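Please read the following report alongside the sequence and the model.

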Amino acid sequence: MIEIKELHKSYKMGANSLHVLKGLNFSIKEGELVAIMGSSGSGKSTLLNILGMLDEADTGDYTLDGVPIKNLNETKAAKYRNKFLGFIFQSFNLINYKSAMENVALPLYYQKVPRKQREEKALKYLTQVGLKEWAEHLPNELSGGQKQRVAIARAMAAEPKVLLADEPTGALDSKTSYEVMDLIQNINDQGNTILVVTHEEDIAQMCKRIVHLKDGVIVEDKKVEQVRAAQYVQ
Amino acid sequence: MFNKDRWKEILEVLTGNWFRTVLTAFGVFWGIFILIILLSAGKGLENGIMQDFGDIATNTMFMWSRATTKAYKGLPKGRSFLFKTEDVQAIRDKVPNLRFISPRNQLGGFGGANNVVRGLRTGAYNVYGDYPEIIKQDPMSIIDGRFINYSDINEKRKIAIIGEGVKNGLYDKGEDALGTYIKIQGVNFLVVGVYKKKSNDGDGEEGQKQIFVPFTSFSQAFNRGTDVGWMAITANDGTSITSIKNNIMGVVKENHKVHPDDQRAVGHFDLYEQFQRVQSLFGALRFVAYFVGILVLLSGVIGVSNIMLIVVKERTKEIGIRRALGEDPWSIKLQILMESIFLTIISGMAGITLGALFIYGINTLLDMNGPVDMFANPSVGLGVVIGALAILIISGLFAGFIPAQSAIKVRPIDALRTE
């Protein structure tokens with residue numbers, strides 16, 4: 001599903017240049033649940049941004065579902081993001097003045113899906129994350145865990161190839177973290193490819209594979225025995 | 001563009017911060033309001049002045065003779081001369097495109113001694129010897145009887161058309177003036193008509209105190225021979241009297257052996273030139289109105305632009321999210337542009353509406369309190385309103401352009417990092 005080869009990325013900081021990614025190689029198959037771990041500054045967020053077409057690599061190849069992602073202009077990048085990717089952010093990034101359902105329906109709106117279908121679909125995904133009753137509520141009326149669940153529903157709404165989660169539990173307490181991870185595992189069980197960036201060991205253990213980044217290189221890439229989050233959730 | 005969701009969003013954004021939206025809108029509102037008021041005030045002034053011109057044929061000049069200031073053909077300077085009736089025919093023959101040439105003679109004048117007697121009553125009035133055409137150059141409405149005609153001229157009938165003011169002075173109230181005689185400097189004239197002039201404020205009263213008699217009868221009765229006191233000359237429409245007045249004066253100069261370069265021997269008053277001068281004054285006024293109005297509007301538009309920039313800045317993160325979710329940058333740009341245009345148009349419409357109400361109020365006040373000097377019926381045309389709307393749409397577009405550009409200039413990754 002995802003293939004990267006010799007990925008390099010450096011940032012200019014005034015006169016200095018900061019080499020963040022130093023030639024990464026790896027691939028992710030369909031249906032995988034991969035955790036990308038590393039301390040801060042290891043380059044994990046940069047990698048995720050490049051995978052999410054929010055940022056561009058300096059050199060190297062990136063292929064997503066057989067499509068080479070290269071030299072994208074903004075319009076095309078927006079189209080690919082909409083079609084291929086679903087984002088889950090640490091700070092939820094819901095739009096404040098839109099209700100939960102409208103938030104979930106946004107990617108569909110950008111796909112020019114008619115309003116009625118959009119709402120049906122949004123409601124379906126909200127039901128899946130257990131927030132059907134909260135559809136008409138604004139984000140600031142929801143708890144952190146609920147917000148993240150809305151965000152997950154939103155990421156799924158466009159039925160993307162890959163879900164990219166950037167520290168999805170970073171702003172949540174451990175109980176809600178496990179609830180969110182449980183949801184992510186369930187989505188993965190349905191066959192969706194998910195990439196989770198985290199620095200929490202227990203969250204990483206709930207994935208099926210852990211890629212360890214350190215100073216811009218992959219130091220470890222191992223399959224793990226998945227810990228089900230459900231056992232922590234009552 | 002007519003997308004329910006987009007409009008919903010525009011309204012959500014604009015109503016999100018009412019106070020700020022209203023303040024911003026006020027700038028544009030005020031600009032268009034000032035523009036409308038200035039234009040209508042200019043129009044009011046124009047209407048007022050034009051009313052003062054009344055129905056007088058404006059393509060007209062008046063011409064009279066004075067002492068010569070140059071010796072010519074053996075004649076000394078300082079010589080007085082008078083126009084003759086032959087001059088009228090000469091002008092008619094030699095200068096094309098003239099509509100009316102009315103030679104005139106006059107008796108009496110403002111503050112003159114009593115010159116008209118009827119029974120026991122006397123009065124001092126202006127008495128004019130005139131041709132029938134004068135009524136088309138200096139319009140008056142005949143409210144009783146008739147005006148001079150060519151039979152009167154040819155047969156030198158001693159008839160008179162008197163003004164309403166004259167009738168009030170010489171007759172009892174309700175008395176019929178037609179068929180009665182008045183004595184003008186000892187000569188009896190039969191009253192055959194009563195006229196009324198549209199009030200030109202200022203000399204309105206004076207305008208009603210005139211007596212018109214046929215030119216030929218006047219000359220005979222008061223021993224003027226073929227003398228002509230002055231002439232009122234009107235050119236055809238499409239030819240300005242200003243452009244041919246030198247030809248006309250050239251003809252009379254030639255007839256009276258006046259040096260062609262003698263500028264002062266023939267006095268004249270060019271109504272058309274005055275009229276044009278007033279017209280160009282209004283043009284200048286309109287220009288000032290547009291200039292000031294559009295500048296005020298511009299400051300309002302800059303205000304809108306400014307606020308839109310702030311809105312974009314505030315929404316940087318939101319824009320980042322939307323782009324991460326796959327919204328087309330053009331769609332975001334369009335959104336910002338539409339917000340800006342919408343805000344501009346709404347506030348502009350409010351300005352136009354209130355301006356119109358204001359004008360309406362002024363008009364009502366004017367109607368209630370009677371006419372005011374040099375000001376009447378302030379108004380703006382539909383063309384101006386449509387023009388103002390066009391200005392609004394264009395300025396809204398300009399106001400939104402820079403913010404829209406800055407909205408999509410930020411890369412989504414940077415936008416997302418903004419807290």
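## The sheet of chain A

Strand 3 (residues 33-37) of chain A and strand 9 (residues 209-214) of chain A pair in the parallel sense over four bridges, where two strands are said to pair if DSSP finds at least two bridges between them, and where strands (E, at least two residues) and helices (H or I, at least four residues) are DSSP runs numbered from the N terminus. Within this pairing, the bridge partner of Met37(A) in strand 9 of chain A is His212(A). This is a predicted model, in which local features need pLDDT of at least 70 and side-chain atom pairs count only at pLDDT 80 or more, while totals for chains, interfaces and linings use all residues. Residues are numbered from 1 along each chain as its sequence is written, and chains are lettered from A and ligands numbered from 1 in the order in which they are written.

In chain A, six strands form an open sheet in the order 6-7-8-3-9-10, with mixed pairing. Strand 6 and strand 10 (217-223) of chain A stand at its edges with a single partner strand each, so one side of each is left without a neighbour in the sheet. From one strand to the next the twist averages 15°, with angles running from 0 to 180 degrees between N-to-C directions and axes being lines fitted to C-alpha atoms, for helices over the stretch in contact. Helix 5 (residues 144-157) of chain A packs on the sheet, where it touches strand 6 and strand 7 of chain A, and its direction makes about 170° with that of strand 6 of chain A; residues count as in contact if their C-beta atoms, placed from the backbone, lie within 7 Å.

| Strands of chain A | Sense | Bridges |
|---|---|---|
| Strand 6 (residues 85-88) and strand 7 | parallel | four |
| Strand 7 and strand 8 (residues 193-198) | parallel | five |

Ile88(A) has Ala165(A) in strand 7 of chain A as its bridge partner, and Leu164(A) stands opposite Leu195(A) in strand 8 of chain A. Between strand 7 and strand 8 of chain A the chain passes through helix 6 (residues 174-189) of chain A, in a β-α-β crossover that is right-handed, a term for a path from the first strand over the helix to the second that runs clockwise with the strands pointing away from the viewer.

Five of the five residues of strand 7 (residues 162-166) of chain A are buried, so this strand is largely enclosed by the rest of the structure. A residue is called buried if 20 or more other C-beta atoms lie within 10 Å of its own, exposed if 12 or fewer, and partly exposed in between, with C-beta atoms placed from the backbone. Val162(A), Leu164(A) and Asp166(A) point one way from the strand, and Leu163(A) and Ala165(A) the other way.

Glu167(A), in the loop between strand 7 and helix 6 of chain A, has a positive phi of about 50° although it is not a glycine, and it is buried, with 20 other C-beta atoms within 10 Å.

## Contacts with chain B and within it

In all, 17 residues of chain A are in contact with 16 residues of chain B. Helix 2 of chain A gives the most to the side of chain A that touches chain B, with six residues.

Within chain B, helix 2 (residues 18-53) and helix 10 (residues 271-314) pack at an angle of about 175°, with their axes 7 Å apart. That makes helix 2 of chain B roughly antiparallel to helix 10 of chain B, since angles over 145 degrees count as roughly antiparallel, under 35 as roughly parallel, 65 to 115 as roughly perpendicular and the rest as oblique.

Key:
Contact = placed C-beta atoms within 7 Å.
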